[in-house]
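The following exercises concern the model displayed below.

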Amino acid sequence: MDPGKAIFETVDKLRQRRTAPLVLELDLTEGLTEGPPADPLSALLSMRKPRLADVLGGLKRARHDSRVKALIVKIGGQPLGLAMVQELRQAVIHFRTSGKLTVAFSETFGEFGNGTVPYYLASAFERVYLQPSGDVGLTGVALEQRFIKNALGKLGIAYEGAQRHEYKTAANMFTQDHMTEPHRESLTRIAESVTEQVVAGIADGRRLDPEKVRELVDRGPFIGDEAVEAGLVDRLAYRDEVYDEVKKAAGADSMLLFVSRYAKAPAVRKLPHPGVDTVALVHGSGPIRMGRSGRSPLGGGGAMGSDTIAAALRSARRDEHVKAVVFRVDSPGGSYVASDTVWREVVLTRKTKPVIVSMGDVAASGGYFVAMAADVIVAQPGTLTGSIGVFGGKPVLSELLEKVGVSSELISQGANAGMFSTSRAFSPEQWDRVNAWLDRIYDDFVGKVATGRKLTRERAHELARGRVWTGADALEGGLVDELGGLEDALVLARKRAGLAEDAPVRTYPRLNPLERLRGPDSSEDRAAALTRMRLEAWGPLARLSAELGLPPQGPLALPAWYEIR
């Protein structure tokens, strides 16, 4: 090949990349990650997943970029949580207001299964395309709870537990064989609230009457042709047909570029320079535990370590160039002590600069505990929050052990030294200590809610009692201040701090490679917040609690089956 020609073609391609019309692309097949990786394993596992903040930031900038002509998003595969979907819908709707084309494409919304939340996301786009073999699983919202009390009983396993109060139902699957009335009331309202949000969003996006959408929900799921006829989908088409149509609308020489790549492009991204005033962004994701953030080597997602988050907040608080802090919380809760550690750092940080909490899919129980002291709490309508309560207890395996021929003897010094042994029940005196522990935690939790949210203690207790709320209902009760997403929280933080609208955002804690290698000099050193691989759960009962399906996060935790996807 002629070297001169090769150089010319290379230069031409580079010129085209700088000047050609852009079609931004987002592939949600593998889902999205909430924040930066918490540890090396998380970084490896999330290599191909775009970050939510990059997507939101990229779409915000693209609204004002004349090169960007369209957005095309592939929906399907890994389901996204409801609140994250609402963040994306909000970003897409704002992007549409700039007059740019938005297209949602899916091979199937559920493949003749439940695809309500993915379709809800698609309804925010100007055009919705479905592969001819696909389906639209618009079937509504269902929350199912299984109870294993009787099954455990047949095995000879009893569960002794208590909670504060009647809506704290995390342990009900072990202690009940049906829903209690408070349990049913809480779940029914969550399903109603979510349905109201989904119906309103689809009706607005597809220009349908809300009653018509409710009728369609009751008729679903839909085969592709039926979805087109019902007005849920614009056209049945394969990927190549969709992309050809979009690129034709954008311009013959248009180029595809992933939104996350676009967001990181030097010409687009505003990097904070040393000495420039910024907003600090601290991510707290996953179950809350003592120690450092990290991932369990046994699988599952990462965890929010109190040491890591506390160090990040301290670092941001002491940085004179940080004028406000946005604390992004996406957590079902966990350890009470760890939650209290983070709460204290939020309180201290708030004394010197504004702290805005942005809630993700879930910020409940301990996840609400760490958020409640902020100046402002921003949540999505579909965020699951509240669950201000506590539960605790243990399984009793004495009958099971006897059945399988295992005997157990205990030698102890101290009347309650063996109270957490699973081979015997609590004595009346030990139950007194369990209840004192639960009362102490609940009273502390409710008292701090009342102080942080400027409520009377009576009103805080009324909203608490372990009840889970959607963000929309939590707003009415005063548990959150505004409805919105991460970008809204960042805008609010800049305003509170008196910063420019485009003031940069910096993630904390920020560690350079040398700090990561050399190790910390003290517990005050930023390097002390490094993540690591470890297990944290119910102390000596960790392995057993996992085997029995107990929430491994601890006494301030929301069960995973609350998730709406």
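**Exercise 1.** Leaving aside its neighbours within four places in sequence, with which residues is Ile309 in contact?

*Solution.* The model is predicted, so that local features need pLDDT of at least 70 and side-chain atom pairs count only at pLDDT 80 or more, while totals for chains, interfaces and linings use all residues. Residues are numbered from 1 along each chain as its sequence is written, and side-chain values use heavy atoms, with hydrogens and water left out.

Step 1. Helices (H or I, at least four residues) and strands (E, at least two) are DSSP runs, numbered from the N terminus.

Step 2. List the contacts (heavy atoms within 4.5 Å). With neighbours within four places set aside, Ile309 meets Val282, His283, Gly284, Ser293, Met304, Phe327 and Val342.

Step 3. Compare sequence with space: 199 residues separate Ile309 and Tyr508 in sequence, yet their C-alpha atoms are 8.9 Å apart.

**Exercise 2.** Which residues form the covered face of strand 22, and which the uncovered one?

*Solution.* Step 1. In strand 22 (residues 505-508), Arg506 and Tyr508 make up the covered face, whereas Val505 and Thr507 make up the uncovered one.

Step 1. Identify the partner strand. Strand 10 (residues 278-285) runs parallel to strand 22 and is joined to it by four bridges; two strands pair if DSSP finds at least two bridges between them. Leu281 has Thr507 as its bridge partner in strand 22.

**Exercise 3.** At what angle do the axes of helix 3 and helix 20 cross?

*Solution.* Step 1. The axes of helix 3 (residues 52-62) and helix 20 (residues 486-497) cross at roughly 70° and come within 10 Å. Axes are lines fitted to C-alpha atoms, for helices over the stretch in contact, and angles run from 0 to 180 degrees between N-to-C directions.

Step 1. Classify the angle. Helix 3 is therefore roughly perpendicular to helix 20; angles under 35 degrees count as roughly parallel, over 145 as roughly antiparallel, 65 to 115 as roughly perpendicular and the rest as oblique.

Step 2. Name the residues. Helix 3 contributes Ala53, Leu56, Gly57 and Lys60, which meet Leu486, Glu487, Val491 and Arg494 of helix 20. This contact of helix 3 with helix 20 comprises four nonpolar, one polar and three charged residues. Here Ala, Val, Leu, Ile, Met, Phe, Trp, Tyr, Cys and Pro count as nonpolar, Asp, Glu, Lys and Arg as charged, and the others, Gly among them, as polar.

**Exercise 4.** In what order do the six strands of the open sheet lie?

*Solution.* Step 1. The order is 8-4-3-2-1-9, with parallel pairing. Strand 8 (235-236) and strand 9 (255-258) are the edge strands, each pairing on one side only.

Step 1. Examine one pair within the chain. Four bridges connect strand 3 (residues 101-106) and strand 4 (residues 127-130) in the parallel sense, and Val103 has Arg127 as its bridge partner in strand 4.

**Exercise 5.** Which way do the residues of strand 17 point, and are they buried or exposed?

*Solution.* Step 1. From strand 17 (residues 376-379), Val376 and Val378 point one way and Ile377 and Ala379 the other; all are buried.

Step 1. Find the partners. Strand 16 (residues 355-364) pairs with strand 17 in the parallel sense over three bridges, with Val376 as the bridge partner of Ile356. Strand 17 also pairs in the parallel sense with strand 21 (residues 482-483), over two bridges, and Val378 stands opposite Glu482.

**Exercise 6.** What is the phi of Ser365, and where is Ser365 placed?

*Solution.* Step 1. Most residues other than glycine have a negative phi, and most peptide bonds are trans. Ser365, although not a glycine, has a positive phi of about 55°.

Step 1. Ser365 is placed in the loop between strand 16 and helix 15 (366-369), and with a relative accessible area of 0% it is buried.

Step 2. Turn to the peptide bonds. The bond from Arg164 to His165 is cis, with omega near 0°. Gly220 and Pro221 are also joined by a cis peptide bond, with omega about 5°.

Terms used. Buried means under 20% relative accessible area, exposed over 50%, partly exposed in between (1.4 Å probe, protein chains only).
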